[in-house]
Amino acid sequence: MSSQLEALVALQDLDMMIREAKDPERATQEEELGFPLSGVEKLERTRERLAKQIDERLLQTYERMSRRYVRVVVAVAGRVCLGCFMGLPTAAKRKAEAGTVENCENCGRILYRL
Amino acid sequence: MPTAPSIELRNETYLEHHLRPALFIPELKSKKKSAALEEMVAHLAQHQVARQADALLEVLRQREALGSTGIGKGIAVPHARSTMVAERAVLLARSSKGVEFDAVDESPVHLFFLIVAPLTEKDPIYLQMLAQIVRSVRLAPVRRKILEAPDFAAIRTLIGAQVGNE
C-alpha cells in the first residue's frame with residue numbers, strides 16, 4: 001500500500017472516531033460506561049497534521065466523497081469493491097500495480113489491495 | 001415467537017461468542033502502555049484479525065488520546081474500529097505485575113479486553129460488547145477469579161456466567 005493510501009486510511013479511521021465522539025448519543029453511551037472522551041480537540045489537531053501529508057487533489061476527492069459515503073477508502077476482495085460490491089475490470093488491477101490510486105468505476109470509492 | 005434472524009443476532013451479541021483461545025495472552029511481557037498496545041496488536045496481526053498492524057496500532061493510540069480506556073480497578077478496554085480490521089474480535093490479556101496505562105484511578109492494569117471491529121456505518125454489537133465487558137468485571141471477586149484462572153476455558157466460563165446473569 002502506498003504511503004498516500006496509508007495516510008488516507010488513517011484519516012478515515014480518525015474521522016470516524018471524531019464523528020462518534022461528537023455524536024451526543026454515542027458519546028453519552030461511552031461516557032456512561034466509564035470511558036472519558038475529553039480529547040476531541042487533540043484528535044482534530046492530529047487530523048489537520050495528517051491531512052497535510054496527503055496530496056491535495058486526493059484529499060479533495062476524499063473530502064468530497066466522504067459527504068456521500070461513511071467509508072470512502074475500501075478494500076478489494078478478489079475483483080470486487082467492498083464498498084458497492086460490484087466487480088472490477090481486470091484493467092483496474094494493472095492500474096493499481098502501476099502505483100496510481102485506484103477508484104471503483106461503479107461507485108468512485110478509493111480502493112486498496114492487500 | 002422470535003424469528004430466526006433475531007435469534008442469530010442475540011447469539012452474536014454474546015461476549016462469550018467473541019472470546020477465542022487464540023486471542024488470549026496469559027501474561028503480557030510489556031509494562032508500559034505503548035508497548036502493551038503494540039504487543040496486543042502484534043498478536044491480533046499474527047491471527048489475521050488486523051490487515052495492517054501499524055495502522056491498527058495507530059488508531060488505538062488515537063483512541064487513547066481521546067481518553068484513556070483504563071477504566072479503573074485494574075481493567076482496561078482499549079477499543080477502536082478501523083478500516084484495517086477484517087472482523088470483530090476481542091483479545092483478552094492478563095498482566096500479573098500490571099501495566100502503567102494512565103487509568104482513570106491511576107492504578108496499574110492487570111486485565112485487558114481489547115475490542116476491534118471493522119469500520120462500518122453502525123455497529124450496535126460493538127457497543128453492546130463494550131457494555132457487556134464493563135458489566136462482567138464490575139465485581140471484585142469476578143476480577144480476582146479471572147486473574148487467577150488456570151486457563152482460557154475457565155475465564156470464558158466465568159465471563160459467560162456474568163453475561164448470562166445480566
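The model is a predicted one.

**Exercise 1.** Find how H1(A) and H3(A) are oriented to each other, and which residues make their contact.

*Solution.* 
- Step 1. Locate the helices: H1 spans residues 3-22 of chain A, and H3 spans residues 40-52 of chain A.
- Step 2. Take the angle. The axes come within 10 Å and cross at roughly 155 degrees.
- Step 3. Apply the cut-off. H1(A) and H3(A) are therefore roughly antiparallel to each other.
- Step 4. List contact residues. H1(A) contributes residues including Ala7(A), Leu11(A), Leu14(A) and Ile18(A), while those of H3(A) include Val40(A), Leu43(A) and Leu50(A).
- Step 5. Sort them by class: 11 are nonpolar, 1 is polar and 3 are charged.

**Exercise 2.** Describe the side of chain A that touches chain B.

*Solution.* 
- Step 1. Count residues: chain A gives 25 and chain B gives 22.
- Step 2. Find the elements of chain A that give two or more residues. They are H1 and H3.
- Step 3. Pick the one that gives the most: H1(A), with 9 residues.

**Exercise 3.** Explore the largest nonpolar core.

*Solution.* 
- Step 1. Its size is 67 residues.
- Step 2. Among the residues with the most contacts inside this core are Met40(B), Leu56(B) and Val116(B).
- Step 3. Strand S6 (residues 109-118) of chain B supplies the largest share, 8 residues.
- Step 4. Follow Leu56(B). Beyond its neighbours within four places in sequence, its contacts include Val41(B), Leu44(B), Ser82(B) and Val116(B).

Technical notes. Residues are numbered from 1 along each chain as its sequence is written. Chains are lettered from A and ligands numbered from 1 in the order in which they are written. This is a predicted model: local features need pLDDT of at least 70, side-chain atom pairs count only at pLDDT 80 or more; totals for chains, interfaces and linings use all residues. Axes are lines fitted to C-alpha atoms, for helices over the stretch in contact, and angles run from 0 to 180 degrees between N-to-C directions. Helices (H or I, at least four residues) and strands (E, at least two) are DSSP runs, numbered from the N terminus. Angles under 35 degrees count as roughly parallel, over 145 as roughly antiparallel, 65 to 115 as roughly perpendicular and the rest as oblique. Two residues are in contact if their C-beta atoms, placed from the backbone, lie within 7 Å. Ala, Val, Leu, Ile, Met, Phe, Trp, Tyr, Cys and Pro count as nonpolar, Asp, Glu, Lys and Arg as charged, and the others, Gly among them, as polar. A nonpolar core is a set of buried Ala, Val, Leu, Ile, Met, Phe, Trp, Tyr and Cys residues joined through C-beta atoms within 7 Å. A residue is buried if 20 or more other C-beta atoms lie within 10 Å of its own, exposed if 12 or fewer, and partly exposed in between; C-beta atoms are placed from the backbone.
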